[in-house]
Each structure stands twice: as C-alpha cells, then as structure tokens.
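Welcome, and thanks for taking a look at this one with us. Below is a short briefing to read alongside the sequence and the structure.

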Amino acid sequence: MEMMRRERIDRGIKVRTEGIYAISSIREVLYLLGPRLILIVGMISLPFILELAPYWKRVVNIMCVYSLIALSFDFLANYVGLVCLGGAFFVGIGGYIAAIFNVYLSFPIYVSIPLATICGAIFCTLMLLPCLPLRGVYFAIVTLMYPLFFTRVIEALNILGGTNGITGLSSFPNQYVEEYTIIIVTLLFLFGMRRFVTQDIGLVLRGVKDNDQAVRASGISIAYMKSLAVFIASVMGCFAGAYIAHLYMWSGISLFALDFSIIPIASVVIGGGGTLVGAIIGSVILVPLSEILRAFGTFRIVIYCIILTLVIVFKSEGLMIYLQRKYHQFERWVKV
Amino acid sequence: MEIIVYGIINSITLSLMALGFTLVYSISRLPNFAHGALYITAGYFTWLFINKFAGFPYPFAIIAALALTSIIGALIYRFILIRVRGMEISEIIASYAIGLAILEGLRWGGLRGMTFTLPTFVTGSFNIMGVSVDYQRIIIVGVGIFIFIVLYLFTHFNRIGLALRGIAQDERAAMMLGIDSDMTAIVSLAIGSGLAGFAGVVLLPLGNIIVEVGYNVLIFAIAVCVVGGLGSWGGTIIASFVIGFAQILTEFFLSSHYQMVVALLAIIIILLIKPSGLFGKQKELEERV
Amino acid sequence: MGEGMSGDIPILSTKGISKSFGGLQALIDVSFEVYRGEVFGIIGPNGSGKTTLINCITGFIKIDSGTVYFKEKNITGWKAHKIAHEGIARTFQIMRPYYSLPAYKNLIIPLWSPRARKIGGWRGGGKHGDRDTVAVDILEEIGFERDSKVPYKIASTLPTGYQKRLELARCIAVRPEIIFCDEVFSGLSMSEIAGMLPLIEKMKSDGITLIMIEHRLRELFRVADRVMALNFGEKIAEGEPFVVIEDKRVKEAYLGTEEV
C-alpha cells in the first residue's frame, strides 16, 4: 500500500523576496506590497463605491469601529497575554468622556475626540491598574465585570443622564470627514501596531506574555509594561467610543453593551488571533453580516455565537493565518 | 430581624446559583460560562412540560427538565469543550458563546415578557420571628441545605464522588490510577448543569423566566465563586453568605439597584486584595515562581 | 567565616532571613556574606530551602524577617525588578525561555532593560539592528556558534544544554554584578557540564560574583571558592568546599543520621 503525505513548501517568490536584495522585479515588489495595497486602497475607496448605497456607508463606519476594538483585543490577548473580555469598557468610557467634553464643556468635536481618547485611555489604565497582576481566567472575569459595573453604577446613581444617556453631541461637519476619520485612523493603528510589535519594546511585551518572571529578573517592571500595553489598547478603544458617540450624537449605557465586547472577540477569533490584520478581516466579515441579519433581531447573536464556537473548535487558527499560508506556500502530496 | 432572615435566604439562594459553577470548576477546571443559560433552560423546559404537554404533573416535569438540562451539559462538553480543553481562554469564549447562543436563541424564540412563570410548590406564608416568609423561600432554604449535605456525602463516600475529588486534586495522578479524565468531566458537567437547572427550578417560581435572569445568575455565580476562591467548596458557601448579607444590607439601607453593584464590587475588591479568593488553594501569585 | 577576606566589604550579605509558608518554616535565620569576585556555592538536600533563599534575596518572595544588603545598601523588600536593576541577576530552576522567540531575540528583552541600556551605552539612539548584533555577540560568547543556525532557532526547539546557556546569557545581558545560578548543571550530561565550566571561570574572571545552587557537588567544587550548606532551612555549615563536606552535620543531612 502506498502511503501519501501532504507537504507544504514555501513558494519561490516568498523565499526570493525575504532578502532585501531580491526586490528587483516589479513582480516581487507586487508580491510584497500587493496584499497591503489591496487593503489600503480597498478601505479608502469604500465610501466612493458605496456612494450608491448610503445606508451601507454607516455600516462601514461601524465596521471600522469594531475593527479598532478588535485590534486592541488582539494586541492585548496575543502580544501581552492579557485577555480583556471587556472591550465595551473602553468604548463606554471613551464615549462618555467625549460626551462630557462636547456637551457639558462644549468643546468642538475636533478637540473632544482626541481629548476623550487620551483622557479615556488614562482613566481606563488607572481603573485596570489594580487588576494587572491577575492573569488568565481572573483577568478575563474582572474585565468582563467592568462594563457591567459601570452600567449599574450609572443606573443606580442616575448620573450622566442615567438610563437616557447624554444627548446632543455635535456631529461631524460632513460625511466625508466622518468616514475618512475612522478609516484612516483604523489603517494608521493597524500598520502602526504591526510595526510596534516587531520593535524591541514589542518583543519585551511578548516576553511578558511568555514568561513574566524572567522579564522581572531582567530588571524590567512588568506592571509598567502591562500598563503601557493597556494604555495603548485603551487608546484604540476610547477613540472608537468617542467616535461612535459623535456618530450617533448620543452617549448612553448601551456603549457598555455586550456587543462591543463579544463581536470584536469573534472577529479576532475568526480573522486569526495574533495577526492584527485578522481583527480587521473578521470585522469586515461579521459587521456587514450582522447588518444583513438585522431582521432576525437577537437571532443574529445566536448566529455569531455559533460561528464563533465552530471556528474556535474546528479552525482555531483563523482566516488570516490560513490565507497567509495559501499565499506563501503551496501544498503537494508526496509518497512516503 | 428582617435583615437576618432575608440575609440567610438570599445567601442560600446565591449559593444554590453558584453550586453548579463551583462543582464543574473544582472537578474539571472548566469555567462553565454557559451556567446562566442552563439555569434558564431548565426553567423553560419545566414550563414547556407543564403547559405544552398538558397533564404533566409538576414534579415529573421538573425531573424531566433536569434530566434534559444535564444531557445538554454533557453534550456541550462531549462535542465542544472537549476540543478546547486546557486552553483557558478558548474554554471561556466557547462556553460563553454557547451560553449566549442559548439565551439569545430563547429570547428570539419568544421567551420575553411576563408570561412565563412557574407555580410555587406550596403557596402561602407564615411568620418567623415576626417576619413573614412565604413557603417557597422556606423550601429554598431547606433544599439548599439538603443539597449541600447530599453533595458532601456524595463526594466523600461514593465511588464516583471520590473519583471526582481525585481528579480535582491531581488530574495526572488520578489518570494514572485509571480514572478517565474526560468521563469525569462529562459527569461533572452533567451534574453541574443539573444543579444549575435545579437552582433554576427552585428559584424561578419566585419570579419570571426571563433571559436577563440568566445573565444575572451567571454574574452572581461567578461573583460567589471568585470571592470564595475558584474551586473551593467551603469558600463558595462562606462567600455566598458574605455577598448575600452585603446585598441585603445595601438593599435595606440604600436601594435594590445596588444589588449587582455589590456583587461586582466584591469581585473586584477580593481579586485586588487576595487574587486566589478567600479560600483559594492556589498559591498567591507572587509566590508562583 | 569569610576567612582571609573579612577585611573587605561583602558585596552581598544577609542577616537572619526567615520565611515560612503556612506552617512550614522554609528558612530559619539564615545569614551569610559573599565577597566580590567569589564563586559561592549553596548546597543542601532537596527541600532544604535553597531556591526559597534565592527567591527571597532577589525579591520574588517577600521575606518574613531579616535583611539583605547589596553593597551596603539595604534592599530588603524591594521589588524584584528593582533588585535586578541594581545588578543582581538570576536563572530559574525550571527553564522557561521566551518560547515563541528565536534564541537571539530572547536576549533583546534583557538588553532592552533600563540597566543594560544604561551600562551598554547604546541608550536612546539604539537602533533596532544594534541590539540584535549585541545579542548574537553575547550568545557566541556563551557558546552558541555564530555561523551555525543555533542562535536563530526558536527557543523552544533548543536542546536542554543550549537552553541552560540561554538562561545564563539572559543574565549576562543585563550586565549584572551578581548572578544567582539555580541548578544550572542539573539535567546536563558530563560533556555538557565540561563545556559549561569554562564559562563559569570566564564570568568569574570578568569580575562577576556567582552564587550557585547545586546538587552536582563534584562539579561545583571544581569552581566554588566557598560553600554554604542548608538543611531544613537552617545554615549548618559554611567554608571551604572540602571542609564543609566533611562536616558531621552536612554528612548527616545528606546521608541521614544513625543515631536515634
């Protein structure tokens, strides 16, 4: 009986383009830049393509918001080892702070969003600071509790507009500003983070994930590194929150809702954890899907959950890693 | 006086909610985030059996519902959790997703509003030391204590129970002695789901069967377990008394809005002071070199 | 005690360190002094508190009572990373490299540490490539052949001998004054140990003080200047290696006592 084995081999072009000297032909340059260009050009031209379907422009904005939150989840979970199940916490804080600045202090929108991003991130980092020594399940549970906690506090104390939320945030000057703000910020964060994690400081963060004791023994404060990472992640989350508050011109407890925690996680799982791009791809798939399924009401959450479970159980590597493999390698059957 | 009586009742309610979660975690180290969903499922099944299959007597409906819930728990492990076993985060996400799917599925299927209620076992009420308590709550307390005793006897004197405890203490050693780890995990999940369902059936007659209750139960269960130390039995019971009384006190002096705030605050405070919980057996984190 | 060196100031000294876990007294009143440039061995049967002692000194565990002085500075109760920053490095008994990174990238982390940046002189302007070069240099020094693929392999795929070396390299990269070696010889073959000994000698000649916990007494005694023996958390002997091993209480600790 003949035994067959499947083997995977790197494509020639991949090996050639790995060294910098090999970039001599347009083909190889395209091989390297192609996927990036498709993503960038695709994202930037989306508003034009959707000129015919204005409703879907909104969806693109929401998609980018979820991408940002997913990016922050992916970064924290796969590069620092902090699994934060409370993405909604960042969103809510960002949204509320933007609302406070814009409505109560009447700052203009181009001040309130950046300010809310920074202040929100500082606030989130301070709030999470005590939980940073926790790991694994414990950190996950606490972060899951934070958004719930704030919801209940706002409800119980009836502050910040109580259950009605704060209304009357100013909107974006025009639709293009509204769209390109989020698209460009998302792309900037994506490529910025990809660069960041390969820097030496990114390696130190991965070291914290692999073996925090050894990092301590090297004379690096883990608490500092972790809080830095949380700060970076919450910058993304808070920006998303501030943006969405201005987009809806409203900030309420639904910014702390489960959607902002579960959909980004699902995106990362589906897109492929640890790739950062996967977070975007996952959102690009899930958010429009959820729009299509809007008619089904809460049933779409059921669909997400089923997709999420199936992916986590059967294809835990995620889409991006699968695509990368197909792009860089080919497979063939060989006799053993 | 009212505080003491209602405090005790509330505490036992909480520990009933948490029992299934603790049991599963202590035996198979699985955080079963589908706990709240199973709680609601059991209540819903009971309601179905009583109202849709007319003629089902109440006790029989309960038993059938509990059996079904246990089977669901076992199936969840057999087909899903078994594949992500050992990957903590995947366990949490997967079980949470399942729970969410069940709850939202039920909501979509029409589990809304006030129409879904279970009758109390015995109606009426009587006075304890000047406080009027209805029979259902008395039953809850009785049943709660009964369950503790049964579980204690089961895990200390029964073969399967001992095997479960063995697994809980040292999985590898237990496997070497021929205890099947997957089998015990299935059993533990089945029992844990059964307990979640049991708590549902006993407690739900006091209110409506609504999806939100499922989420709350999950949070309360986690709160109690984390405060008591994940996987610690004594800790669970003591923690439910701590949180139970704290809740009743805040309800008495502030307002009932704060119930959930208290539970969440308890988790956060405990994790910050003593991450392993009040009675957690894990070493303190800084000493885990 | 520290014969011949008592005139010097010890680089590290402890006074009456005690630590208990629950009811178990892991360390009882341990005091010792180590002088600059020494190789100081700590021996003792299993469970005698050797690793606990290291954890206490390096700040990974809080001490119940007692003080630790490093260059006459009281460092008791400092956080682990601050102690490391002062110049006390350590290896771990259970080796855990940063598994997902290549061997040389493992060194980027200690090289990035504030201490290494301060001493190394490539602070601030440190270009990405610089640290990589330094890392490979250190690895070569410690026995990773530069021309082979070994320094570029993923750490989890390295054989035990290389992983032990990687642990040491990780310590050297922070430019420490003292290195605590927690059983670096255990699990190695005779030839691998023979390869390690020159490294120890080299570190010693570079002026690094070494404190070594070992079970492999014969190998330890080839490099150690002085040793201290622990049993049930108590110091039972200290001095020249071959004097200590002849000590009655040390023999009893290793071989058991015959008196009832």
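This is a predicted model: local features need pLDDT of at least 70, side-chain atom pairs count only at pLDDT 80 or more; totals for chains, interfaces and linings use all residues.

**Confidence**

- The mean pLDDT of chain A is 85, and 97% of its residues score at least 70.
- Within chain A, helix 10 (residues 222-248) has the highest confidence, at 92, and helix 1 (residues 12-18) has the lowest, with a mean of 72.
- Chain B averages a pLDDT of 78, with 90% of the residues at 70 or above.
- One stretch of chain B to treat with care is residues 282-289, where pLDDT stays under 50. The model has 9 contacts beyond four places in sequence for this stretch.

**Where chain B touches chain A**

- How many residues of each chain take part in the contact of chain B with chain A? On the chain B side there are 33 residues, and they are in contact with 34 residues of chain A.
- Four elements of chain B give two or more residues to this side: helix 3 (58-84), helix 4 (88-108), helix 9 (211-228) and helix 11 (258-273).
- Helix 4 of chain B gives the most, with 14 residues.
- By class, the chain B side has 26 nonpolar, 3 polar and 4 charged residues.

**Helix 3 against helix 11 in chain A**

- Helix packing is described by two quantities, the angle between the axes and the distance between them.
- Helix 3 (residues 54-80) and helix 11 (residues 259-271) of chain A have axes 8 Å apart and pack at an angle of about 70°.
- These two helices of chain A, helix 3 and helix 11, are therefore roughly perpendicular to each other.
- Helix 3 of chain A brings A:Tyr66, A:Ile69, A:Ala70, A:Phe73 and A:Asp74 to the contact. From helix 11 of chain A come A:Phe260, A:Ile263, A:Pro264, A:Ile265, A:Ser267 and A:Val268.
- This contact of helix 3 with helix 11 in chain A divides into 9 nonpolar, 1 polar and 1 charged residues.

**Helix 7 against helix 10 in chain A**

- The axes of helix 7 (residues 175-198) and helix 10 of chain A cross at roughly 170° and come within 12 Å.
- That makes helix 7 of chain A roughly antiparallel to helix 10 of chain A.
- On the helix 7 side of chain A, the contact is made by A:Glu178, A:Thr181, A:Ile182, A:Val185 and A:Phe189.
- The residues of the contact of helix 7 with helix 10 in chain A are 7 nonpolar, 1 polar and 1 charged.

**Helix 13 of chain A**

- Helix 13 (residues 299-314) of chain A has 16 residues, which at 1.5 Å a residue should span 22 Å. The end C-alpha atoms of helix 13 of chain A are 22 Å apart, in agreement with that value.
- Which residues of helix 13 of chain A are buried? They are A:Ile301, A:Val302, A:Tyr304, A:Cys305, A:Leu308, A:Thr309, A:Val311 and A:Ile312.
- The buried residues of helix 13 of chain A pack against helix 11 and helix 12 (277-292) of chain A, and also against helix 3 and helix 4 of chain B.

- A:Pro47 is part of helix 2 (residues 26-49) of chain A. A:Pro47 has 19 other C-beta atoms within 10 Å, so A:Pro47 is partly exposed.
- Beyond its neighbours within four places in sequence, A:Pro47 is in contact with A:Lys57, A:Val60, A:Tyr176 and A:Glu179.
- A:Ser221 sits in the loop between helix 9 (212-217) and helix 10 of chain A. A:Ser221 counts as partly exposed because it has 19 C-beta neighbours inside 10 Å.
- A:Ser221 and A:Gly192 are 29 residues apart along the chain, and their C-alpha atoms are separated by 24 Å.

**Positive phi in chain C**

- Most residues other than glycine have a negative phi.
- C:Asp29 has a positive phi, near 50°, and lies in strand 2 (residues 24-34) of chain C. With 14 C-beta neighbours inside 10 Å, C:Asp29 counts as partly exposed.
- C:Lys71 also has a positive phi, near 50°. C:Lys71 is in the loop between strand 4 (65-70) and strand 5 (73-74) of chain C, and counts as partly exposed with 15 C-beta neighbours inside 10 Å.

How values were computed: Residues are numbered from 1 along each chain as its sequence is written. Chains are lettered from A and ligands numbered from 1 in the order in which they are written. Two residues are in contact if their C-beta atoms, placed from the backbone, lie within 7 Å. Ala, Val, Leu, Ile, Met, Phe, Trp, Tyr, Cys and Pro count as nonpolar, Asp, Glu, Lys and Arg as charged, and the others, Gly among them, as polar. Axes are lines fitted to C-alpha atoms, for helices over the stretch in contact, and angles run from 0 to 180 degrees between N-to-C directions. Angles under 35 degrees count as roughly parallel, over 145 as roughly antiparallel, 65 to 115 as roughly perpendicular and the rest as oblique. pLDDT is the predictor's confidence in each residue, from 0 to 100. A residue is buried if 20 or more other C-beta atoms lie within 10 Å of its own, exposed if 12 or fewer, and partly exposed in between; C-beta atoms are placed from the backbone. The expected span of a helix is 1.5 Å times one less than its number of residues.
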